[in-house]
Amino acid sequence: MGRRPEVFVRQVSMAEGQRLQRITRTAKDPVKLRRAIVVLMSAQGQPAPDIAHLMKVTEDYVRDVIHAFNERGFDALDPKWSGGAPRRIDEQTRDWICVIARCDPRFLGRPFSCWSLAKLRDYLIDAGYATAISVETIRRILHERGVSWQATKTWKASTDPDFTIKLRRVLDLYDHPPADGRVLCVDEFGPLNLQPRPGRAWRPQGQPVRLRATYTRDQGVRHMIAALDLATGRLHYRIRDRKRWREFLSFLKTLRRRWPDQRLYLVVDNFSPHKHPEVRAWSRPTAWSWCSCRPTPPG
């Protein structure tokens, strides 16, 4: 059997050679990079067997690349990717998969409260949405549509039958502050206590300084009773050992001394010291407007 005739690329101009060198330095597609190297080596006089040996490819591949470049030029370097197999899951079915995944399985007659990918696949097949579908296909579809596995979060709602009325009254105070007074949001924060904090120190390796996580609070804890003035954004507070109705009433008296001639609109929550009879009795004859129910934020 005779030796196959040598195949070389056509005459390459200086501009084409520079373009080939630029492709070999900057191409990110491995197929285009490999084809450009084959053409450049052939233009430098390398025979096809030597190129195939250096590039770890077959001689037929080298010859096909050279022939294609001779016929179509630089367009032959770009890979012509095929579209692959047609989709067996159409867009409407993909939409239904995402809708069903977000539904409670009990609404669809399933005896469990959340979907696993395997259970979702079985339901899709049983309900006729797909004749055959894999768990990985379902996972990819949900990922592409932005549906992910997340933990359930809870939220709280007030049981007060007048909650809506009080809510609207509070929001109206926020949006339209009264001209004859001042709106104050009052609440407690605590207990406040000292916490051990990790620091830095030079120590032998493997022997860090240890801080005891639990400790005795010899001086007890503290509580902060504060009022936010919506007109100025300033916070007025007092630090107390307890947060009973006595401390709360004492704090209200400091607010009255601060603004003796204004009507004070207080927004408070349902903490029991706020509704103590002594607090209400003291507040009633003075210039107060009481909103004793603040919307409970989501938990």
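Predicted model: local features only at pLDDT ≥ 70, side-chain atom pairs only at ≥ 80, totals over all residues.

Cysteine 185 counts as buried, because its relative accessibility is 13% and the limit for that class is under 20%. Cysteine 114, by contrast, is partly exposed, with a relative accessible area of 39%.

How many disulfides does the model contain? With sulfur atoms required to lie within 2.5 Å of each other, the count comes to 0. Cysteine 114, then, takes part in no disulfide, and the nearest cysteine sulfur, which belongs to cysteine 103, is 14 Å away.

I turn next to the surface. Leu171, Tyr174, Leu228, Leu230, Leu235, Tyr237 and Ile239 make up a nonpolar patch of about 590 Å². Two elements, helix 8 (163-175) and strand 3 (235-240), each supply at least two residues of this patch. Which of them provides the largest share? That is strand 3, with 3 residues. Isoleucine 239 is located in strand 3, and its relative accessibility of 38% places isoleucine 239 in the partly exposed class.

Finally, the largest pocket. The space in this pocket amounts to about 640 Å³. Its lining consists of 20 residues, and those closest to the centre are Ala101, Val147, Ser148, Trp149 and Gln150. Helix 6 (117-126) and helix 7 (135-144) are the elements that give two or more residues to the lining. Helix 7 gives the most, namely 3 residues.

Thank you; I welcome your comments.

Terms used:
Residues numbered from 1 in each chain as written. Heavy atoms only, no water. Patch = residues over 30% accessible without salt bridge, like charges linked within 9 Å, V, L, I, M, F, W, Y side chains within 5 Å. Areas by Shrake-Rupley, 256 points an atom, 1.4 Å probe, with all protein chains shown as cover. Salt bridge = Lys/Arg side-chain N within 4 Å of Asp/Glu carboxyl O. Helix = DSSP H or I, 4+ residues; strand = E, 2+ residues; numbered from the N terminus. Buried < 20%, exposed > 50% of the residue type's maximum accessible area, 1.4 Å probe, protein only. 1 Å grid on protein atoms, 1.4 Å probe; cavity = no way out; pocket = protein on both sides within 12 Å on 5 of 7 lines; lining within 4 Å. Points joined across faces, edges and corners; volume = space filled by probe spheres on them.
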